[in-house]
Amino acid sequence: MSIALLSSYRSKDPKTQNGACIVDGNKKIIGIGYNGLPRGCDDNDPDYWADDDDDLLRSKHTYVVHAEKNAIYNCMAHDLNGATMYMTQFPCNTCAQAIVQVGITNIIYTSRKEHHCNMNQAVEKMFRDAGVEAKSFAECGVADSDFIISLEKLKSLYE
């Protein structure tokens, strides 16, 4: 999870920085990603980061590639069947589709956007039907949770 959180620091999104890390069955890192623009797009162009969802040309949601998809794209040479993805946020429906399609069977996330209630329910249904286990990082009881909390505090100093 610490790698997912660290990778989120690379995001240029002024509102939300997300990261993801994929590990194989041996816990070997095989993919890392963060939310950002497609290759070749200028991070300094304000049109890419606009927050007007009523205008597709001025909505960051039209342009930004989510951390989960970038992590998948960055490890396409690996077999992802049975892999685990650590992510800083519960995935949206299209990222969930990608997770299921490549064979990832476990996801662990640090936060959820509860105001996305219907989307979260759709993702949970998709995961349940596809056999993907989703867990909150807090439920895992991992030894490095104090380190993760320290990283999140550090990150908030720079936001």
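The model is predicted, so local features require pLDDT of at least 70 and side-chain atom pairs count only at pLDDT 80 or more, while totals for chains, interfaces and linings use all residues. Residues are numbered from 1 along each chain as its sequence is written, and side-chain values use heavy atoms, with hydrogens and water left out.

Helices (H or I, at least four residues) and strands (E, at least two) are DSSP runs, numbered from the N terminus. Five strands form an open sheet in the order β2-β1-β3-β4-β5, with mixed pairing; two strands pair if DSSP finds at least two bridges between them. The edge strands, β2 (29–34) and β5, each pair on one side only. From one strand to the next, the twist averages 15°, where axes are lines fitted to C-alpha atoms and angles run from 0 to 180 degrees between N-to-C directions.

Strands β4 (residues 106–109) and β5 (residues 133–136) run parallel and are joined by four bridges. The chain passes from β4 through helix α5 (residues 117–130) to β5 in a right-handed β-α-β crossover; with the strands pointing away from the viewer, such a path from the first strand over the helix to the second runs clockwise. Individual bridges pair Asn 106 with Glu 133 in β5 and Ile 107 with Ala 134 in β5.

Arg 10 lies in the loop between α1 (2–8) and β1 (19–23). Arg 10 counts as exposed because its relative accessibility is 52%, and exposed means over 50%, buried under 20% and partly exposed in between (1.4 Å probe, protein chains only). Although Arg 10 and Gly 36 are 26 residues apart in sequence, their C-alpha atoms are 8.4 Å apart in space.
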